[in-house]
Amino acid sequence: MEGKYEIMLGGEPVGQAAVEKQGLYYRIFCRCRLTGEVMYRVWVTCGEQTENLGLLAPDGDGFSLTARLPVSRLGKGQAVFTARPRHGELAGKFVPLSPETPFAYLHRLENAFLERRNGKLGVVIREGFQD
């Protein structure tokens, strides 16, 4: 997994992640070009495993973060790095999406966001909004 990777936001590259193995850990340095209007977290997905690397912080003319992650926490396969808006305060119910199952929460999508958890794509419906 060592090397340099693009950090994607909505299909567009916004930065780069440099990954270096240090013993039983990966040291990951991320640097992004963002407007600063919204706070972003960087996530890495490798195989079926997804890990939150942390919140990007202002750093000169961009945003950056440095993370250490145990090698054992990432799966096998190609690593994909993404920047996602911080939704820390937005607790909600995760509803997995399945082509075989009708989606019963269409009326609540206005108050929801798309998320991938442990390899499953789903919708998080914010708490506090009534059915």
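Strand 3 (residues 25–32) and strand 7 (residues 62–70) run antiparallel, joined by eight bridges. The model is predicted.

Strand 7 also pairs with strand 6 (residues 57–59). These two strands run antiparallel too, with three bridges between them. Here Asp59 has Gly62 of strand 7 as its bridge partner. Strands 6 and 7 form a hairpin with two residues between the strands. In that hairpin, Gly60 takes a positive phi near 65 degrees.

| Partner strand | Bridges to strand 7 | Direction |
|---|---|---|
| Strand 3 (residues 25–32) | Eight bridges | Antiparallel |
| Strand 6 (residues 57–59) | Three bridges | Antiparallel |

What does the chain as a whole contain? The protein chain has 11 strands and zero helices. From the N terminus on, its elements read β-β-β-β-β-β-β-β-β-β-β. In a regular strand, side chains alternate between the two faces of the sheet.

The C-alpha trace spans about 50 × 35 × 25 Å along its principal axes. Of the 131 residues in the protein chain, 33% are buried. Take the contacts between residues at least 6 apart in sequence: 54% of them join residues at least 24 apart.

The accessible surface of the protein chain is about 8200 Å². Carbon and sulfur atoms account for 51% of that surface. The protein chain carries 17 positive and 15 negative charges. How far apart are the mean positions of the positive and negative charges? They lie 5 Å apart.

Key
Residues numbered from 1 in each chain as written. Predicted model: local features only at pLDDT ≥ 70, side-chain atom pairs only at ≥ 80, totals over all residues. Heavy atoms only, no water. Helix = DSSP H or I, 4+ residues; strand = E, 2+ residues; numbered from the N terminus. Buried < 20%, exposed > 50% of the residue type's maximum accessible area, 1.4 Å probe, protein only. Contact = heavy atoms within 4.5 Å. Areas by Shrake-Rupley, 256 points an atom, 1.4 Å probe, with all protein chains shown as cover. Lys, Arg positive; Asp, Glu negative; His and termini not counted. Charge placed at Lys NZ, Arg CZ, Asp CG, Glu CD. Pairing = 2+ DSSP bridges.
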